[in-house]
Amino acid sequence: MTKEFEKNPMFIEQNHPHHATAVMENGDFRKNVDEDGRPKRSGTWVTASAHIITAVIGSGVLSLAWANAQLGWTAGPAVLMAFSFITYFTSTLLADCYRAPDPVTGKRNYTYMAAVKAYLGGRKVQLCGLAQYGNLVGITVGYTITASISMVAVKRSNCFHKEGHSAKCSISNYPFMIIFACIQIVLSQIPNFHDLSWLSILAAVMSFAYSSIGVGLSIAKVVGGTHAKTTLTGVTVGVDVTGSEKVWRTFQAIGDIAFAYAFSTVLIEIQDTLRSSPPENRSMKKATFAGIMTTTTFYILCGCVGYAAFGNSAPGNFLTGFGFYEPFWLIDLANVCIAIHLIGAYQVFCQPIYGLAERFCDKRWPESKFISREYAMNVPFHGVYYVSPFRLVWRTAYVVVTTLVAMIFPFFNDFLGLLGAASFWPLTVYFPIEMHIAQSKIPQYSFRWNMLKILSGACLIVSIVAAAGSIQGLATDVKTYKPFKTQ
């Protein structure tokens with residue numbers, strides 16, 4: 001049995017129209033909504049930490065052994081620690097910008113763009129939107145490719161176990177991209193971040209699982225007596241690589257580590273799920289500390305232990321790249337965990353995109369029944385679920401388009417590195433620092449002002465060299481690209 005509802009106009013930018021109905025039925029307005037008339041939030045620092053870990057620990061953690069191999073024992077761990085501190089510091093600045101002008105009592109900013117508009121205004125709002133949403137779209141395409149590679153790796157692992165390590169075992173990614181897309185079409189009907197906590201917690205557990213498996217296999221390899229060549233400065237010019245390759249790989253490695261921590265694209269949206277007491281900025285800082293500490297621990301373990309196991313010949317991903325072949329069932333389990341994690345991470349990154357489009361259509365066509373109408377359906381073991389025809393059509397179309405792009409451009413992950421380089425500095429460093437300066441009214445050319453500007457300039461240089469490395473890698477992939485290439 002279904003019931004029909006329309007969005008209640010008394011709520012501003014209502015993302016949960018059915019909550020409005022519940023409010024009216026209960027007859028208690030203040031109990032069910034926050035001070036601005038939006039549905040009452042119930043998130044805590046624990047759920048926010050799960051969102052952060054899901055967003056930050058991607059399967060890229062398994063490529064940190066390769067990054068360490070390019071930088072060596074001296075620079076590798078140092079760069080990892082440096083960017084963990086930078087990301088934590090700028091994230092705390094951004095958390096204070098959730099409300100304006102006061103970080104505790106000011107008006108809520110529901111999105112990153114809204115925060116930039118409140119503190120900086122002008123063209124910077126459009127530049128923020130371009131960097132944020134361009135990066136989010138790119139990530140969802142990249143995750144489609146990466147998840148399919150992990151699924152293919154399961155079949156290839158079984159093939160190598162049966163046929164031998166020298167077998168060809170070529171398997172197409174395309175069927176697995178379609179499977180991933182079908183799952184995302186279903187999960188995309190989750191209305192917004194407020195209802196996503198369970199999926200983020202599951203994805204975070206999966207990230208711990210495959211990271212732990214990777215570390216465990218690396219330790220076993222080292223303990224087993226395998227002595228891989230490692231150096232203080234990483235791969236050796238003239239032995240492992242040429243001089244130019246050393247430079248490009250160093251750029252790429254620094255960029256990979258810097259981007260591995262970035263979650264500013266969804267920080268404000270995650271903070272918008274937190275209950276108002278204690279203050280959101282305090283809870284978000286606690287969640288950020290827990291998330292960054294957890295990810296740094298796994299990054300150091302995977303990067304350093306992986307480098308000790310494989311040395312200067314560390315593969316780009318030691319699970320899907322078959323740094324290990326046995327035990328094959330454990331490799332399979334790890335790759336299944338990667339795929340499940342990416343299913344959840346995809347949702348974390350696409351929810352802001354869905355929200356942007358739906359808010360725009362809500363304002364542009366407020367009288368449209370197709371956009372505003374929702375149907376209440378009784379779902380077994382779940383209860384009442386609200387289906388929106390517009391949400392069903394638009395979100396399905398988005399998943400289909402991103403999947404088609406992933407199929408057409410299988411080398412898109414190198415392009416994603418370029419997108420990451422282009423968005424890292426403005427979103428993770430520049431805007432948080434500029435908004436903090438405006439909020440705290442820091443005097444120009446004061447010591448604190450100068451230090452913040454120096455940090456911003458240094459991170460801009462990192463973005464530029466990482467972009468150069470990504471462009472070089474992308475050019476190489478385009479030259480060697482073969483249509484319908486299988487894994």
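Among contacts in the chain between residues at least 6 apart in sequence, what percentage join residues at least 24 apart? And after that, how do the axes of helix α4 and helix α11 cross?

Guide: Keep in mind that this is a predicted model. Start with your percentage. Take the contacts between residues at least 6 apart in sequence: 78% of them join residues at least 24 apart.

The chain has 487 residues, and 54% of them count as buried. Its secondary structure comes to 16 helices and five strands. The accessible surface of the chain is about 21,200 Å². Carbon and sulfur atoms account for 67% of that surface.

Next, zoom in on the helix pair. Helix α4 covers residues 64-95, and helix α11 covers residues 280-310. Their axes come within 10 Å and cross at roughly 180°. An angle over 145 degrees counts as roughly antiparallel, so α4 is roughly antiparallel to α11. Which kinds of residues make up the contact of α4 with α11? There are 18 nonpolar residues, 11 polar ones and one charged.

For comparison, visit some other places in the chain. Look at the strands β4 and β5. Strand β4 spans residues 373-379, and strand β5 spans residues 383-387. They pair in the antiparallel sense, over five bridges. Pick out M377: its bridge partner in β5 is Y385.

Is E434 buried or exposed? Its relative accessible area is 11%. Buried means under 20%, so E434 is buried. What does E434 touch, leaving aside its neighbours within four places in sequence? E434 is in contact with L120 and K453.

Last stop: I178, which sits in helix α7, residues 174-187. I178 has 45% relative accessibility, so I178 counts as partly exposed. The cut-offs here are 20% and 50%, with partly exposed in between. Now locate S148. I178 and S148 are 30 residues apart in sequence. In space, their C-alpha atoms are 8.8 Å apart.

Trace α4 and then α11 in the structure, and follow the two roughly antiparallel axes.

Conventions
Residues are numbered from 1 along each chain as its sequence is written. This is a predicted model: local features need pLDDT of at least 70, side-chain atom pairs count only at pLDDT 80 or more; totals for chains, interfaces and linings use all residues. Side-chain values use heavy atoms; hydrogens and water are left out. Axes are lines fitted to C-alpha atoms, for helices over the stretch in contact, and angles run from 0 to 180 degrees between N-to-C directions. Helices (H or I, at least four residues) and strands (E, at least two) are DSSP runs, numbered from the N terminus. Angles under 35 degrees count as roughly parallel, over 145 as roughly antiparallel, 65 to 115 as roughly perpendicular and the rest as oblique. Ala, Val, Leu, Ile, Met, Phe, Trp, Tyr, Cys and Pro count as nonpolar, Asp, Glu, Lys and Arg as charged, and the others, Gly among them, as polar. Buried means under 20% relative accessible area, exposed over 50%, partly exposed in between (1.4 Å probe, protein chains only). Contact means heavy atoms within 4.5 Å. Accessible areas come from the Shrake-Rupley method with a 1.4 Å probe; for residues, only the protein chains shown count as cover. Two strands pair if DSSP finds at least two bridges between them.
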